[in-house]
Amino acid sequence: MWRDLAPIGRDASSRGYRRYAWTGADADCRAWFKAQADTRGLTYELDRNGNQWAWLGDPSQGDAVVTGSHLDSVPDGGAFDGPLGVVSSFAALDELRRRGAEFTRPLALVNFGDEEGARFGLACVGSRLTSGQLTIEAAHRLRDGDGVTLPQAMEAAGYDPYGIGADPERLARIGAFVELHVEQGRALDLSGDPVGIASAIWPHGRWRFDFRGEANHAGTTRLVDRRDPMLSYAETVLAARREAELAGAVATFGKISVEPNGVNAIPSLVRGWLDSRAPDQESLDTVVTGIEKAAREYAERHGIDLDVVRESFTPVIEFEHALRDELGAILGAGTDRPLPVLGTGAGHDAGILSGSIPTAMLFVRNPTGVSHSPAEHAAEDDCLAGVTALADVLEGLACR
């Protein structure tokens, strides 16, 4: 499965993945998922929001156990973020069948669409729509960098953009969702454990900073006569690092848009996107407030107009303690060393769905901690340990 999936959407020059929502690479990933479902005799289903489901048992029975993740990527992303969870879900089912496990609850494997938000700037679109956290109207306003709207992209890919929306009937079928994911950090590497259990997802959000100045000639305009928004932006980037360090949080300006974007022109507009995350809400508020305060001071000093818009936000998410404890009991049975329980600063579909259904997560060790990069990696032995752990969990939840 890993070999078949690996070439899809991989860029020859960067060796990273460019699997963006509603593109050719996305279509190929979807075809791969359906083929895996068909090969195993599972009932394939595409929901109204473009999420893919593969069912074992009768979905209408309810109280189903669901596992899976996503197949899309960030720009030049790694191979493991998302796909490891999907591949592992099929592999875990294969392992349970090898064991002769008898299911007493329906089981579903899922591929959620547009989790990374690489094309339209909003993460977890598929699960947000399904859970009602993203309205139809807001979804239809989403545009990519070329001005293509989400409805236009869906139509071009052969899907109906006017059928999207909350899907409470589907969520009512689900009793538990467990997502396996490569760890995006080094906690497991430092503890020496191949697999861990998630405790919570840090509160996080994305903010757009629009610095508006005055375009002018780079060679003839005196420094004192300039209204250069790039200066205010650059100073704000440094302020973000400073504020994050003080609060024990993280803050990143990783995307920028410049107008007119000429080598010999002073910009008229610099638009930067801030991603910030923290262990708790108070720390996150402190960081973002500090960054915005600094940005406004810099903008005023340079004669720049500044608008700050919050584009997305997710509060702290505590995974359901009962389900989390049940995973710990299943995986800790017969051992004297419990699996580590750790928090994460990364968002996931399991986090979005946690407001509607019981959810939990398993992490697989990442020896370098690198993620969202072609260097992202997990050792084969650790991946297999993850499959075994997921199979054990599914057996404990769905085969009792």
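Author: Let's start with a term: two strands pair if DSSP finds at least two bridges between them. Strands (E, at least two residues) and helices (H or I, at least four) are DSSP runs, numbered from the N terminus. The model here is predicted, so local features need pLDDT of at least 70 and side-chain atom pairs pLDDT 80 or more, while totals for chains, interfaces and linings use all residues. Residues are numbered from 1 along each chain as its sequence is written, and side-chain values use heavy atoms, leaving out hydrogens and water.

Reader: OK, in which sense do strands S3 and S4 pair?

Author: S3 covers residues 64–70, and its glycine 68 stands opposite valine 110 in S4. From S3 the chain crosses through helix H3 (residues 83–99) to S4 in a right-handed β-α-β crossover (with the strands pointing away from you, the path from the first strand over the helix to the second runs clockwise). Over six bridges, the sense of the S3–S4 pairing is parallel.

Reader: And in which sense does S2 pair with S4?

Author: S2 spans residues 52–56. Its glutamine 52 stands opposite asparagine 111 in S4. Over five bridges, the sense of this pairing is antiparallel.

Reader: How many of the six residues of S4 are buried?

Author: Buried means under 20% relative accessible area, exposed over 50%, and partly exposed in between (1.4 Å probe, protein chains only). Leu107, Leu109 and Asn111 are buried on one side of S4, and Ala108, Val110 and Phe112 on the other. S4 is therefore largely enclosed by the rest of the structure, and its buried count is six of six.

Reader: How many disulfides does the structure hold?

Author: A disulfide is a pair of cysteine sulfur atoms within 2.5 Å. Take cysteine 29, buried at 1% relative accessibility: its closest cysteine sulfur, in cysteine 124, is 17 Å away, too far for a bond. The disulfide count is zero.

Reader: How many salt bridges does a search of the whole structure find?

Author: Arginine 212 and aspartate 210 form one, with the closest N and O atoms 3.8 Å apart. Both also belong to a salt-bridge network with Arg208, Arg271, Asp307 and Glu311. For the whole structure, the search gives 30.

Definitions and conventions
A salt bridge is a side-chain nitrogen of Lys or Arg within 4 Å of a carboxyl oxygen of Asp or Glu.
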